[in-house]
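Please look at the sequence and the structure before reading the points below.

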Amino acid sequence: MGLKALDYETMNENVKKVQYAVRGELYLRASELQKEGKKIIFTNVGNPQALGQKPLTFPRQVVALCQAPFLLDDPNVGLIFPADAIARAKHYLSLTSGGLGAYSDSRGIPGVRKEVAEFIERRDGYPSDPELIFLTDGASKGVMQILNCIIRGQGDGVLVPVPQYPLYSATISLFGGSLVPYYLEETANWGLDVNNLRESVAQARFKGITVRAMVIINPGNPTGQCLSEANLREILNFCYQENLVLLGDEVYQQNIYQDERPFISSRKVLMDMGPPISKDVQLVSFHTVSKGYWGECGQRGGYFEMTNIPPKTVDEIYKIASISLSPNVPAQIFMGLMVNPLKPGDVSYDQFVRESKGILESLRRRARIMTDGFNSCKNVVCNFTEGAMYSFPQLRLPPKAIEAAKQAGKVPDVFYCLKLLEATGISTVPGSGFGQKEGVFHLRTTILPAEEDMPEIMSSFKKFNDEFMAQYEDNWNRSRM
Amino acid sequence: MRRFVIGSARNLIESSRQKYQFERSILSSPYRFLSSSPAADSPSSSSSSSSTMAHPVSLNTINPKVIECEYAVRGEIVTLAQKLQEEIQTKPDAHPFEEILYCNIGNPQSLGQQPITFFREVLALCDHPAILDKSETQGLFSADSIERAWQILDQIPGRATGAYSHSQGIKGLRDTIAAGIEARDGFPADPNDIFLTDGASPAVHMMMQLLIRSEKDGILCPIPQYPLYSASIALHGGTLVPYYLDEATGWGLEVSELKKQLETSRSKGITVRALVVINPGNPTGQVLAEENQKAIVEFCKQEGLVLLADEVYQENVYVPEKKFHSFKKVSRSMGYGEKDIALVSFQSVSKGYYGECGKRGGYMEVTGFGADVREQIYKVASVNLCSNISGQILASLVMSPPKVGDESYESYSAERDGILSSLARRAKTLEDAFSKLEGVTCNKAEGAMYLFPRIDLPEKAIKAAEAAKKAPDAYYCQRLLAATGIVFVPGSGFGQVSSWHLAF
């Protein structure tokens with residue numbers, strides 16, 4: 001009797017529409033197999049520390065000291081904590097309003113937001129206002145807050161890249177808005193063509209949708225491409241002409257694996273373009289402690305920075321933030337440490353640099369190993385991972401395989417990924433979870449497994465792929481000779 | 001650093017005017033909104049192209065539900081207080097007081113309450129597990145905190161406290177919490193029913209999201225209520241169905257009142273989906289009697305309502321004649337199980353004697369729903385990946401603190417009892433002091449962290465408030481702030497408008 005209040009039929013329809021493949025069918029199946037004792041390699045989510053990446057030492061020392069401030073009074077604390085960690089802990093504790101256990105300002109600790117603003121200024125060469133920077137429990141929460149402000153109903157559309165990180169599609173569904181896809185061009189290194197954008201917007205408007213915002217993920221997820229300055233200018237011009245707010249998901253800005261296209265922030269390009277555009281185009285930029293070489297996913301630390309958002313609207317966004325009282329304080333300290341790093345001369349500096357470089361250089365090597373490994377398979381084409389944490393190979397699946405998938409009631413790439421999982425324990429996310437062109441299939445894997453495990457993982461994949469293709473493609477073995 | 005200072009009355013008028021404009025302009029062309037006063041809310045005066053169209057993110061083009069929702073706890077009075085605080089910092093003589101006393105929010109550690117040492121020891125070790133291998137660590141940390149840290153780390157794959165966990169929270173920690181619930185209630189709890197969240201508030205939002213399909217869906221909420229509920233319902237586009245607690249009977253909750261409100265709202269075409277009960281109450285502090293709770297459970301079962309039990313103050317009970325009983329325990333003791341009653345129980349690390357607000361730790365225990373509903377709850381939780389790990393660990397510690405015989409037990413219980421007895425004393429002291437004031441009556445605070453005195457404002461005061469375009473209790477609070485630096489929240493912020501109150 002008590003069940004009739006909330007059952008599947010009487011639930012909010014928008015919730016039912018939400019899809020989030022990153023922790024969907026493949027992941028659930030992988031977890032089941034893991035419980036049965038099978039060894040699983042989880043490459044479904046950008047979760048570096050789950051695959052052996054060690055946390056950076058210095059931030060952990062600082063936060064541990066903030067967590068237990070009575071340590072700071074102990075004469076022996078210097079035996080296990082270096083002097084600069086102790087000093088930094090005292091610094092952050094002084095910025096709080098009662099230590100880690102007190103709600104902070106709903107926008108985040110003012111002193112930390114100031115450090116974020118200073119970081120942005122150093123990075124871009126333009127001043128940033130701490131009052132327009134809000135810390136959040138992870139960047140995802142910030143994205144959800146902003147989209148909640150923008151989406152009034154089904155008539156509101158948000159331009160989202162295809163393929164995209166499904167936080168965007170899930171959130172748009174949850175808030176009852178419309179996703180307006182714009183396709184990235186795989187053959188042009190996942191490039192963005194402004195003509196595609198115009199076409200997508202025109203089609204949406206024809207259907208009566210008001211296109212309100214545009215999402216860019218730079219570096220891209222799952223695609224990894226780094227946008228050029230020219231591309232960013234085109235996008236900003238487009239937003240100016242079409243009156244769109246630009247949502248710049250820049251959480252992978254530290255993860256760059258080539259030198260031709262370093263990271264440039266959307267804000268820098270906007271400011272470089274000067275008035276009237278620089279004073280007009282609305283922009284919200286997102287960052288996190290979860291990615292980069294920090295990989296502190298479990299802390300749930302992020303921020304968004306608003307540009308050209310009017311003061312009263314900022315107040316409304318503040319009001320919504322205040323309902324959740326405050327973002328978690330330990331993660332705010334991680335954020336402060338990330339944007340305000342150690343300097344040469346600091347006791348822990350060398351160790352910090354060694355650890356950071358080690359991680360980044362290894363990621364660069366792994367990006368290469370994986371791309372090459374995928375490309376060595378005849379039916380797989382893989383763009384190089386220029387940035388972020390993923391590899392997104394295209395799988396050319398033969399008609400018999402597609403038919404078999406249909407028989408099994410599964411989308412072809414889901415079918416392939418499930419078989420890959422059962423055969424090798426490698427847990428990926430099928431490309432359909434990110435969106436792709438009709439009839440084109442991918443899978444997403446992370447480049448995060450330990451470097452020493454990579455060769456075995458790639459050969460395990462290749463073995464499975466060859467067997468799969470032998471099963472479903474006529475002349476597979478003959479054509480490979 | 002640009003400061004933003006909001007004229008409070010101007011803001012109220014401005015936002016209702018902007019809302020009117022939005023409603024007008026939605027009838028015009030599909031993708032250009034013509035704002036009749038572009039300068040009112042534009043980022044800079046020199047922009048030219050925006051003068052004929054409103055930006056996507058501006059007051060008259062954003063989601064109107066955002067504009068509608070209110071949260072008095074950190075609302076107008078707090079913004080005013082922050083402004084005054086800045087003024088004192090630059091000019092110490094600007095006001096007749098030296099500091100601002102923030103009594104608007106249950107934030108104990110910002111007012112000097114110390115955290116529980118054992119909990120912080122374990123959290124510090126989990127934050128920096130590298131030191132567990134060092135011999136010097138033994139000298140700095142208690143032996144049982146080291147042992148507990150090892151135990152917890154072993155429950156985390158790869159001991160990786162920086163990795164996203166299972167979207168419901170780390171399994172081993174949920175096992176601990178389930179065991180804690182069972183020890184508390186005497187009835188079993190299933191770790192798969194537990195969803196660890198960044199504080200209890202996100203869990204409340206999740207349930208509102210699931211339950212509310214449109215403004216025709218109503219949620220029964222106590223008046224006065226903690227304004228998270230009204231804000232969340234507004235944000236999700238539902239209807240708040242108020243039920244009035246009775247001040248004359250110590251803020252009692254009568255099932256007859258619930259029935260009456262349910263009938264009234266149904267007659268207006270509202271589908272009432274759930275009943276929110278805050279026990280111990282916020283802002284009222286009342287602790288429900290077990291008989292009362294049984295009647296509430298029976299009511300929900302009969303009417304097919306989900307019972308949303310906000311129990312975050314379960315460890316804050318100050319009167320010997322009352323005791324906290326969870327709604328889970330009460331339901332099970334009535335013989336009602338999974339098939340009989342849909343119950344969601346919320347707990348947090350922010351209150352109690354631990355007061356760890358800034359950690360954002362909490363959980364909801366979800367019972368009495370079908371598997372397909374639970375799948376959907378899991379799905380929504382997974383979009384945010386997981387709650388912060390440190391908060392998850394703390395939630396497990398709160399539900400399984402040191403036991404008799406543990407090395408840290410003595411110091412832990414001394415700290416806990418010290419905090420709780422001090423809270424009880426302060427509740428009594430303040431209640432007595434309020435009751436002695438002219439025009440003020442104050443119910444006893446049986447639990448939680450607040451007092452909710454009633455003030456009988458004279459006619460002239462009410463007229464002065466009207467002239468200032470404020471609710472009378474808001475006017476009183478503003479005058480109080482200006483004279484003393486003390487920040488209270490007006491009772492109207494909690495929905496109480498039949499008489500005037502202050503909450504602090």
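Predicted model: local features only at pLDDT ≥ 70, side-chain atom pairs only at ≥ 80, totals over all residues.

Residues are numbered from 1 along each chain as its sequence is written, chains are lettered from A in the order in which they are written, and side-chain values use heavy atoms, with hydrogens and water left out.

**The interface of chain A and chain B**

- Chain A contributes 110 residues to the contact and chain B contributes 119 residues, where contact means heavy atoms within 4.5 Å.
- About 9,400 Å² is buried between chain A and chain B, and carbon and sulfur atoms give 58% of this area; buried area is the accessible area (1.4 Å probe) that two parts lose on being put together, summed over both.
- Of the area that chain A buries against chain B, 8% comes from A:Y103, A:K312 and A:I323, more than from any other three residues.
- The rule finds 1 salt bridge across the interface, a salt bridge being a side-chain nitrogen of Lys or Arg within 4 Å of a carboxyl oxygen of Asp or Glu.
- A:K141 forms a salt bridge with B:D198, and their closest N and O atoms are 3.4 Å apart.
- Helix α12 (residues 311-323) of chain A supplies 10 residues, the largest share of the side of chain A that touches chain B; helices (H or I, at least four residues) and strands (E, at least two) are DSSP runs, numbered from the N terminus.

**The nonpolar core**

- The largest nonpolar core has 317 residues, and A:M214 and B:L275 have the most contacts inside it.
- Such a core is a set of buried Ala, Val, Leu, Ile, Met, Phe, Trp, Tyr and Cys residues joined through side-chain atoms within 4.5 Å.
- Leaving aside neighbours within four places in sequence, A:M214 is in contact with residues including A:L159, A:Y182, A:F238 and A:L247.

**Chain B**

- Chain B has 17 helices and 13 strands.
- Of its 504 residues, 61% count as buried, that is, under 20% relative accessible area, against over 50% for exposed and in between for partly exposed (1.4 Å probe, protein chains only).
- B:L80 lies in helix α3 (residues 76-90) of chain B, and B:L80 counts as buried because its relative accessible area is 18%.
- B:L80 and B:V487 are 407 residues apart in sequence, yet 9.4 Å apart in space, C-alpha to C-alpha.
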